[in-house]
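Hi everyone, thanks for coming.

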Amino acid sequence: MGGVSNVSNLVRFFALLILQVFVFRQVRLGWGGADYIFIFIAPLFIALLPLRTPRPLVVIVAFLFGIGMDAFYGTLGVHAAAATFAGYSRQFVLAYLEPRDGYKVKASPDGKDLSLGWWIKYIGFLVGFYTVFYFSMEEFSPLFWKQIMLKSLFTIPLSWLICSIIVTFFRPRI
């Protein structure tokens, strides 16, 4: 990662953290006294890291993003665990979605080098992994599998849509 890339990733880190904490944290919808719909954009930060970023660095940066969210949410490491899991899973998702000719050496996941279909699947996997892991850690028992599945099923599409809108707004080439 070059110097300019480091600066842009640092700016993206704080911009998405502030957006998550001060805007999307307020969005919680539900019924029957329980919240089932949330918006998580943490996977977007993990997804937009350069493709050739080493896995240990991705995991560390994802953990730092998650612990930053935990500091504001008061969730005692739940976001850090989910972000770390998503950061670790990222390499498997990239391997699964790798184009037939492989990635370009300086390929960027922000749409300049890869197709819209690739992007939709990529962010979908990361949002899905993050969300299911987050709610699994939040409930921390298989007895609550219905709540985990309901929250995940309602949160994943909305979070995926918001992440796609954010990227389209800042990177219209996708």
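I'll begin with the overall layout and then visit a few residues.

One thing to keep in mind from the start: this is a predicted model. The protein has six helices and two strands. If you follow the chain from the N terminus, the elements come in the order α-β-β-α-α-α-α-α. There are 174 residues in the protein, and buried ones make up 44% of them.

Now let's go inside. In soluble globular proteins, nonpolar side chains tend to be buried together. Here, the largest nonpolar core has 46 residues. Which elements give two or more residues to this core? They are α1, α2, α3 (55-73), α4 (78-97), α5 (116-139) and α6 (145-170). The element that gives the most is α5, with nine residues. Among the residues with the most contacts inside the core are Ile41, Trp118, Trp119 and Tyr130.

Let's stay with tyrosine 130 for a moment. Leaving out residues up to four places away in sequence, tyrosine 130 touches Phe40, Ala42, Pro43, Met69, His79, Ala82, Ala83 and Ala86. Tyr130 also belongs to a cluster, where ring pairs link it with Phe38, Phe40, Tyr134 and Phe135.

That brings us to aromatic rings. A pair of aromatic rings is described by the distance of the centres and the angle of the planes. This structure holds 19 aromatic pairs. Take phenylalanine 13 and phenylalanine 45: their ring centres are 5.3 Å apart and their planes stand at 80°, so we call the pair edge-to-face, since planes over 60 degrees apart count that way. This pair links distant parts of the chain, with phenylalanine 13 in helix α1 and phenylalanine 45 in helix α2 (residues 42-47), 32 residues apart. Both phenylalanine 13 and phenylalanine 45 are buried.

Rings can have a charged neighbour too. Arginine 55 lies over the face of tyrosine 88, at 4.5 Å from the ring centre. Arginine 55 also lies over the face of phenylalanine 92, here at 4.6 Å from the ring centre.

Is glutamine 20 buried or exposed? Glutamine 20 has a relative accessible area of 0%, so it counts as buried. You'll find glutamine 20 in helix α1, which covers residues 3-22. What does its side chain reach? The side chain of glutamine 20 reaches the backbone nitrogen of isoleucine 41, at 2.7 Å. Not counting residues up to four places away in sequence, glutamine 20 touches Arg25, Ile39, Phe40, Ile41, Ala42, Met69 and Tyr73.

My last stop is alanine 80, in helix α4. Why does alanine 80 count as buried? Because its relative accessibility is 3%, and buried means under 20%. Alanine 80 and glycine 66 are 14 residues apart in sequence, yet 3.7 Å apart in space, from C-alpha to C-alpha. Setting aside neighbours within four places in sequence, alanine 80 is in contact with Phe63, Gly66, Ile67 and Asp70.

That's my tour, so please send your questions my way!

Terms used:
Residues are numbered from 1 along each chain as its sequence is written. This is a predicted model: local features need pLDDT of at least 70, side-chain atom pairs count only at pLDDT 80 or more; totals for chains, interfaces and linings use all residues. Side-chain values use heavy atoms; hydrogens and water are left out. Helices (H or I, at least four residues) and strands (E, at least two) are DSSP runs, numbered from the N terminus. Buried means under 20% relative accessible area, exposed over 50%, partly exposed in between (1.4 Å probe, protein chains only). A polar contact is a pair of N or O atoms within 3.5 Å; within protein, one must be able to donate a hydrogen and the other to accept it, and residues adjacent in sequence count only if both atoms are side-chain atoms. Contact means heavy atoms within 4.5 Å. Rings of Phe, Tyr and Trp (its six-membered ring) pair if their centres lie within 6.5 Å; planes under 30 degrees apart count as stacked, over 60 as edge-to-face and the rest as tilted. A charge sits over a ring if NZ of Lys or CZ of Arg is within 6 Å of the ring centre and within 35 degrees of the ring normal. A nonpolar core is a set of buried Ala, Val, Leu, Ile, Met, Phe, Trp, Tyr and Cys residues joined through side-chain atoms within 4.5 Å.
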